[in-house]
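Keep the sequence and the model in view while reading.

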Amino acid sequence: MDDSNGFVFITNQSGDAWVEMDLAGHIDVYSKAGISMHTEGDYNIHAKGSINMEAEMGVNIKSAGGDGIKLETSVGGIDIHSALDIKVHAENYHLNAVGNLIMVGTQIDMNGPAATAPPMAWCGWCRRNSYNR
């Protein structure tokens, strides 16, 4: 703790994990091995600015509950970009456009050949922590 500069710094012996809180209200967390969080209740994140996530290997999101996954924007659109394929698999697929529906492709196959199924979501944290289920 540094009272003269107004920050708190907590670290382990090797320096491979630490938390720093500065005078301006920033909190920085680092771990060489990984960070896991668990709650028996809800987990809420709110930012008056942006929420940015980036992973060098991949991003996996899985809902095990009956409510599924919901995406909503109050203002603006939802943009999805993939360097390769976009694969969607569902028991039923509903697509509703209030305005125009525009599809452009070199070839558009509406009922064949068979589509490639997407891989299932993988949750490494879920497998490492048995108290998750």
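This is a predicted model: local features need pLDDT of at least 70, side-chain atom pairs count only at pLDDT 80 or more; totals for chains, interfaces and linings use all residues.

Start with the inventory. The protein chain has one helix and three strands. Read from the N terminus, its elements run β-β-β-α.

Now look at the overall dimensions. Along the principal axes, the C-alpha atoms of the protein chain fill a box of roughly 70 × 35 × 30 Å. The radius of gyration of the protein chain is 22 Å, whereas a compact globule of 133 residues would have one near 14 Å. How much of the protein chain is made up of buried residues? Buried residues account for 4% of the 133 residues. Buried here means under 20% relative accessible area.

Turn to the sheet. Strands of a sheet pair through backbone hydrogen bonds, and the pairing can be parallel or antiparallel. In what order do the three strands lie in this sheet? The order is E1-E2-E3, in an open sheet with antiparallel pairing. E1 and E3 are the edge strands, since each pairs on one side only. From one strand to the next, the twist averages 5°.

Take the pairs in turn. Strand E1 covers residues 8–11, and strand E2 covers residues 17–21. Four bridges hold this antiparallel pair. Phenylalanine 9 stands opposite glutamate 20 in E2. The hairpin of E1 and E2 has five residues between the strands. In that hairpin, glycine 15 takes a positive phi near 80°.

On to the next pair. Strand E3 spans residues 27–31 and runs antiparallel to E2, with five bridges joining them. Valine 19 has valine 29 in E3 as its bridge partner. Glutamate 20 has aspartate 28 in E3 as its bridge partner.

Is aspartate 79 buried or exposed? Aspartate 79 counts as exposed because its relative accessible area is 78%, and the cut-off for exposed is over 50%. Isoleucine 51 is 28 residues away from aspartate 79 along the chain. The C-alpha atoms of the two residues are separated by 15 Å.

Rolling a probe the size of a water molecule over the atoms shows where empty space is left. The second largest pocket has a volume of about 1,400 Å³. Its lining consists of 22 residues. Which of them lie nearest the centre of the second largest pocket? They are Leu71, Ile80, Ile86, Lys87 and Val88. By class, the lining of the second largest pocket divides into 14 nonpolar, three polar and five charged residues.

Notes:
Residues are numbered from 1 along each chain as its sequence is written. Side-chain values use heavy atoms; hydrogens and water are left out. On a 1 Å grid over the protein atoms alone, a cavity is a set of points where a 1.4 Å probe fits but cannot get out, and a pocket is an open set with protein on both sides within 12 Å along at least five of seven lines; lining residues have an atom within 4 Å of a point. Grid points are joined across faces, edges and corners, and a volume is the space filled by probe spheres set on the points. Ala, Val, Leu, Ile, Met, Phe, Trp, Tyr, Cys and Pro count as nonpolar, Asp, Glu, Lys and Arg as charged, and the others, Gly among them, as polar. Two strands pair if DSSP finds at least two bridges between them. Helices (H or I, at least four residues) and strands (E, at least two) are DSSP runs, numbered from the N terminus. Axes are lines fitted to C-alpha atoms, for helices over the stretch in contact, and angles run from 0 to 180 degrees between N-to-C directions. The radius of gyration is taken over C-alpha atoms; the globule rule is 2.2 Å times the number of residues to the power 0.38. Buried means under 20% relative accessible area, exposed over 50%, partly exposed in between (1.4 Å probe, protein chains only).
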